[in-house]
Amino acid sequence: MQQDTVRASAFAMPLTSPAYPAGPYRFRNREYLIITYRTDPQKLRDLVPEPLQVREALVKFEFIRMPDSTGFGDYTESGQVIPVTFRGRKGSYTHCMFLNDHPPIAGGRELWGFPKKLASPTLRTETDTLVGTLDYGPVRVATGTMGYKHRAADLASVKASLAEPNFLLKIIPHVDGTPRICELVEYHLEEVELRGAWTGPAALNLWSHALAPVAELPVLEVVSAVHIVADLTLALGKVVHDYLAEVEPHYRKGRTHAFAE
């Protein structure tokens with residue numbers, strides 16, 4: 001294979017059989033259960049990377065069903081999103097994500113920098129209750145419940161929240177283990193067609209786990225919950241801050257680490 005062919009084909013790994021196709025990435029009938037809760041403000045400040053700033057001591061725990069997504073298939077994900085500001089603009093920082101499908105794990109990490117790990121989330125309706133769960137291996141780490149479609153939500157407010165910028169910390173190491181890319185990435189949801197949104201009473205329980213530490217942001221009070229169904233396009237991102245640009249050049253060149261055996 002000639003070098004020009006390698007360069008022309010190199011949009012994802014592996015080269016000859018990429019884990020995901022090139023975009024755009026369109027999602028149809030994407031279903032959210034988002035439970036917003038109050039947590040420890042100091043723990044939030046310890047986790048959110050500058051130059052992002054914590055807006056208030058809130059976390060959004062999300063369970064998302066994606067039955068029809070271009071190139072990624074049918075899967076479910078769950079995770080924690082933190083309301084932030086960046087240079088005066090309101091947005092959200094994705095702290096962690098867990099999902100059950102390899103292509104969006106690979107694509108999410110490589111393209112945007114989504115903090116995705118393999119796990120077993122679910123979102124389903126049980127009689128009169130919308131139920132979201134997250135298992136890491138055989139261990140339950142989160143359960144969220146909400147009364148099913150108790151009240152219609154304000155569609156304009158929901159659509160405005162989906163239009164806010166989202167921020168990710170993208171990290172790709174060098175071959176020697178040092179950071180080669182360490183960037184703050186901004187992305188948006190586009191072409192949003194809101195099919196419906198509802199609110200209702202909700203509850204959220206989190207349990208400690210060494211490798212899925214969602215309980216490190218404890219639930220002090222459930223503030224609100226929303227159930228959303230929408231079609232949307234996940235747009236590609238842009239770099240808004242480079243963490244390596246202002247440090248010593250050896251971070252760019254690589255350095256030797258002593259790894260524990």
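In the predicted model, a polar atom of the K116 side chain lies 3.3 Å from the backbone oxygen of P104. With a relative accessible area of 6%, K116 is buried. Beyond its neighbours within four places in sequence, K116 is in contact with E77, M97, L99, P104, I105, G108 and R109.

Of these contacts, E77 also forms a salt bridge with K116, with the closest N and O atoms 3.7 Å apart. Because K116 lies in strand β6 and E77 in strand β4, the pair ties together parts that are 39 residues apart in sequence. E77 has a relative accessibility of 3% and counts as buried.

A search of the whole structure finds 11 salt bridges. One of them links E193 and R26, whose closest N and O atoms are 3.3 Å apart. E193 belongs to strand β13 (residues 189-199) and R26 to strand β1, so this pair ties together parts separated by 167 residues in sequence. The relative accessible area of E193 is 47%, and this residue is partly exposed; R26, at 14%, is buried. A salt bridge is also formed between D74 and R65, with a closest N and O separation of 2.9 Å. D74 is partly exposed, its relative accessible area being 49%.

The largest nonpolar core has 33 residues, and L52, F61 and F98 have the most contacts inside it. At least two residues of this core come from each of the strands β1 (25-38), β3 (58-69), β4 (73-86), β5 (89-99), β8 (129-136), β9 (139-147) and β14 (202-206). When residues up to four places away in sequence are not counted, L52 touches V84, T85, F86, Y93, F167 and L184. A second, separate core comprises 31 residues, including A12, L189, I228 and L234.

I171 lies in strand β11, residues 166-173. The relative accessible area of I171 is 53%; because the cut-off for exposed is over 50%, I171 is classed as exposed. Apart from residues up to four places away in sequence, I171 touches I181 and C182. The C-alpha atoms of I171 and G23 are 21 Å apart in space, and the two residues are 148 residues apart in sequence.

Definitions and conventions. Residues are numbered from 1 along each chain as its sequence is written. This is a predicted model: local features need pLDDT of at least 70, side-chain atom pairs count only at pLDDT 80 or more; totals for chains, interfaces and linings use all residues. Side-chain values use heavy atoms; hydrogens and water are left out. Buried means under 20% relative accessible area, exposed over 50%, partly exposed in between (1.4 Å probe, protein chains only). Contact means heavy atoms within 4.5 Å. A polar contact is a pair of N or O atoms within 3.5 Å; within protein, one must be able to donate a hydrogen and the other to accept it, and residues adjacent in sequence count only if both atoms are side-chain atoms. A nonpolar core is a set of buried Ala, Val, Leu, Ile, Met, Phe, Trp, Tyr and Cys residues joined through side-chain atoms within 4.5 Å. Helices (H or I, at least four residues) and strands (E, at least two) are DSSP runs, numbered from the N terminus. A salt bridge is a side-chain nitrogen of Lys or Arg within 4 Å of a carboxyl oxygen of Asp or Glu.
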